[in-house]
Amino acid sequence: MPPRIHVAWTRTLVQLVAVLGVAAVLGALADHIWMALAVAALGVLAWHYWKLYDLLTRLTSRSRVPPPQGDGVWQETDRMLHRGQQDMRARKRRLIAMLRAYRAVAAALPDAVVVVDRNSQRVQWFNRAATSLLGLQMPRDVGKPVGDRLQPLPVAHWLAQGRRAEPMLDVPSPHSSGTRLELRLIPYSDDLWLLLARDVTRIMKLEQMRRDFVANVSHELRTPLTVVHGYLDMLDPAEQPEWAPMLAEMQNQSQRMTQLVEDLLTLSRLEAQEGVGDETVSMASMLVTLRRELEVLSQGRHTITLEDASPTDLVGSTRELHSAFSNLVSNAVRYTPAGGRITIRYAPIADGGVALSVEDTGYGIPAAHLPRITERFYRVSTSRSRESGGTGLGLAIVKHVLHLHQARLEIESEVGAGSRFACHFTAERIRARDAQYFGATA
């Protein structure tokens with residue numbers, strides 16, 4: 001107990017003893033000592049109750065009344081409560097100032113920020129940019145369902161995915177025509193989510209210019225490459241034996257250039273697509289085709305295994321999916337030395353979807369390269385890729401094809417132990433397969 005409080009408490013006890021002592025003396029003089037003590041005790045009790053009532057009144061009052069002067073225990077209690085109230089008011093002012101500062105920062109951001117209630121999906125707060133980018137108006141849209149306010153964007157279904165919601169990288173603004181937005185959902189508490197919208201119109205225009213440039217250049221390269229191929233085919237190495245190595249190298253490089261142009265055109269076409277068809281892709285036939293391609297590429301140098309463990313087909317584009325799967329198969333052959341094992345597996349996964357994976361026992365990929373392995377022209381080993389005839393665009397094509405099918409690519413690899421490339425498809429992309437076709441390719 002602090003010395004000041006101890007002194008006040010001692011003084012109050014001394015005062016109580018003095019009052020009772022005076023009452024006892026007066027009662028003894030009047031020959032009614034017990035009655036005098038009882039009256040004095042009742043007086044002391046009434047006084048303490050009055051001080052307690054006064055203290056409660058001060059606590060419930062919003063007026064800032066200074067504590068009374070004195071050196072008793074009640075005065076010390078008043079002063080301590082007064083200091084506590086002052087500290088609380090100061091802390092409240094600091095918290096309010098911080099809240100206003102944070103809100104001002106959020107309001108000044110060029111990106112739209114919308115606070116959404118998780119359970120009801122209703123708008124709780126938004127900044128100024130949300131008005132220009134999303135069309136939200138204050139206070140009209142506060143407390144309204146965000147899905148209704150952002151029509152025709154499929155926001156309600158997107159929010160229902162919660163933490164699994166993938167960013168919507170390019171969607172039209174519901175308020176400003178010609179504006180393209182990138183939407184992200186950030187669950188930052190158990191009850192509230194943060195919806196961020198960024199204007200990516202300029203970036204999308206630059207990206208479209210890049211795609212057009214690559215497509216045009218690739219298309220224009222076709223004609224001169226065809227001419228070069230024609231002249232190379234006319235040259236007979238037998239007539240000029242000393243030219244044979246040079247002619248062979250020229251043919252190899254021209255073929256590699258042709259393949260590079262074709263892959264660039266394929267990428268440009270995929271990037272320009274908004275979606276894919278809803279045709280049923282027969283996975284039984286697809287797996288048979290992949291195994292045949294794998295055997296032709298391997299030329300008996302690898303052990304090949306095919307597992308068809310899911311009685312389902314996929315919904316999408318047969319052409320695009322075959323292109324993606326074929327790239328994975330050719331990569332497995334290209335980067336697996338002779339005597340290795342390559343496995344194609346089509347099986348269900350835990351979330352109700354299905355995955356087609358290509359596993360090998362090849363060289364493996366260092367962990368540092370995995371985040372960038374699907375970038376255009378990114379190579380783990382430049383010399384090995386060129387020797388094997390790769391263009392550096394195969395996995396980029398796979399990534400774009402899977403994106404069009406709302407699927408994802410999962411890569412697992414260990415140096416010296418091999419790699420596993422798995423294409424994960426959601427349950428919405430699955431159709432039941434006829435029983436007579438299931439197991440025919442296993």
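To begin with the setting, among contacts in the chain between residues at least 6 apart in sequence, what percentage join residues at least 24 apart? After that, please examine helix α9 in detail.

Author: The model is a predicted one. Among contacts between residues at least 6 apart in sequence, 60% join residues at least 24 apart. The chain contains twelve helices and 13 strands. Its radius of gyration is 39 Å, well over the 22 Å that the globule rule gives for 442 residues, and the chain is therefore more spread out than a compact globule. The C-alpha trace spans about 150 × 50 × 50 Å along the principal axes. Of the 442 residues, 36% count as buried.

The buried residues of α9 are Met 283, Ala 284, Met 286, Leu 287, Leu 290, Leu 294 and Ser 298. Seen down the axis of α9, these buried residues fall within an arc of 160°, so they line one face of the helix.

The cover over that set of residues is drawn from several elements. On the strand side it includes β6 (279-281), β7 (303-308), β8 (312-316), β9 (341-348) and β10 (354-360). Helix α10 (318-334) is also among the elements that cover the buried residues of α9. Just after α9, Gln 299 adopts a positive phi of about 55°.

For context elsewhere in the chain, strands β3, β4 and β5 may be described together. Strand β3 (residues 168-172) pairs with strand β4 (residues 180-187) in the antiparallel sense over three bridges. In this pairing, Met 168 stands opposite Leu 183 of β4. Strand β4 is also joined to strand β5 (residues 192-199), here by seven bridges, and these two strands likewise run antiparallel. One of the pairs between them sets Glu 182 against its bridge partner Arg 198 in β5.

Conventions
Residues numbered from 1 in each chain as written. Predicted model: local features only at pLDDT ≥ 70, side-chain atom pairs only at ≥ 80, totals over all residues. Heavy atoms only, no water. Helix = DSSP H or I, 4+ residues; strand = E, 2+ residues; numbered from the N terminus. Expected span 1.5 Å × (residues − 1). Buried < 20%, exposed > 50% of the residue type's maximum accessible area, 1.4 Å probe, protein only. Arc of directions from axis to C-beta. Contact = heavy atoms within 4.5 Å. Rg over C-alpha atoms; globule rule 2.2 N^0.38 Å. Pairing = 2+ DSSP bridges.
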